[in-house]
Amino acid sequence: MGAPGGQPTRDPDAFEPFARTLRHPVLADLVARAEPLTDVSVTHSTANHRYFYERLPVWPEGLVALGDSVASFNPVYAQGIPVAAQGALALRRLLAAGPAEGFARRAQRAVARPVHTAWTLAVGQDIHFPTTTGAAPGVVDRLLHRYVGRLSRTATGSFRAATALTDVLAMKAAPASLLKPDVLLTALIGPLRPDRPDPTSRSRNGGCWTAWCRDPDDAEAGPPGRPAHA
């Protein structure tokens, strides 16, 4: 999966060269030393789809829609499982209070809340790609996009910015938390650490440091799914 104009192919020999087109070479270096366990899989399904069931004037009792049946997202943001889990938690909280008349409608509205958060994050980013169909970004969209870009740049050298941004992307915090005064000030100051010209996740012998990979030249490397040299 890649951004518009940078889509990879299924050719295994092209996997590492494609990774070399990224801004930082560390991923390509790890791929070059790792043993592939499967073929390359490519997906072109990057659309965002949402059904506003909570807005329907009539909703049948005994029916609650969750997960992808309510909304599906661009998989690059990894929001599908968190949204489904938060929807299930919302349903559990309502069930703990006991079912009553109109329960299904209340549950559907509760499920829609985490969906709305993820939808705002995904669409707020994808709307800026020229290949995206739908409404064009407005002035506020462009300002927020520039601010998040600035915060992302700051996160490369600021623990506070990285934590604030990661908590929102992981849906642990609301997007509005990025507008708190301390986060705004952090973004204004910018990264506190200078850029490093070389990858930071390398050991002295050039192997994997804490990457999930299998290094064929390193007998001490852990199995796939475990950090090597952790």
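A crossing is right-handed if the near helix is turned clockwise from the far one by less than a right angle, and left-handed if anticlockwise. I start my notes with that.

I am reading a predicted model, where local features need pLDDT of at least 70, side-chain atom pairs count only at pLDDT 80 or more, and totals for chains, interfaces and linings use all residues. Residues are numbered from 1 along each chain as its sequence is written, and side-chain values use heavy atoms, without hydrogens and water. Helices are DSSP runs (H or I, at least four residues), numbered from the N terminus.

**Entry: α3 and α4.** I looked up helix α3 (residues 80-96) and helix α4 (residues 103-126). Their axes lie 9 Å apart, at an angle of about 150°. Axes are lines fitted to C-alpha atoms over the stretch in contact, and angles run from 0 to 180 degrees between N-to-C directions. The pair is therefore roughly antiparallel (over 145 degrees). The crossing of α3 with α4 is right-handed. On α3 I found contact residues including V83, A90 and L94; on α4, F103, A110 and V115 are among them. Contact means heavy atoms within 4.5 Å. By class I noted 12 nonpolar, 2 polar and 1 charged. Ala, Val, Leu, Ile, Met, Phe, Trp, Tyr, Cys and Pro count as nonpolar, Asp, Glu, Lys and Arg as charged, and the others as polar.

**Entry: α5 and α6.** Next came helix α5 (residues 139-155) and helix α6 (residues 159-169). Their axes come within 7 Å and cross at roughly 125°. V148, L151, S152, T154 and A155 of α5 meet A161, A162 and L165 of α6. I noted 6 nonpolar, 2 polar and no charged residues here.

Key:
Helix = DSSP H or I, 4+ residues; strand = E, 2+ residues; numbered from the N terminus. Parallel < 35°, antiparallel > 145°, perpendicular 65-115°, else oblique.
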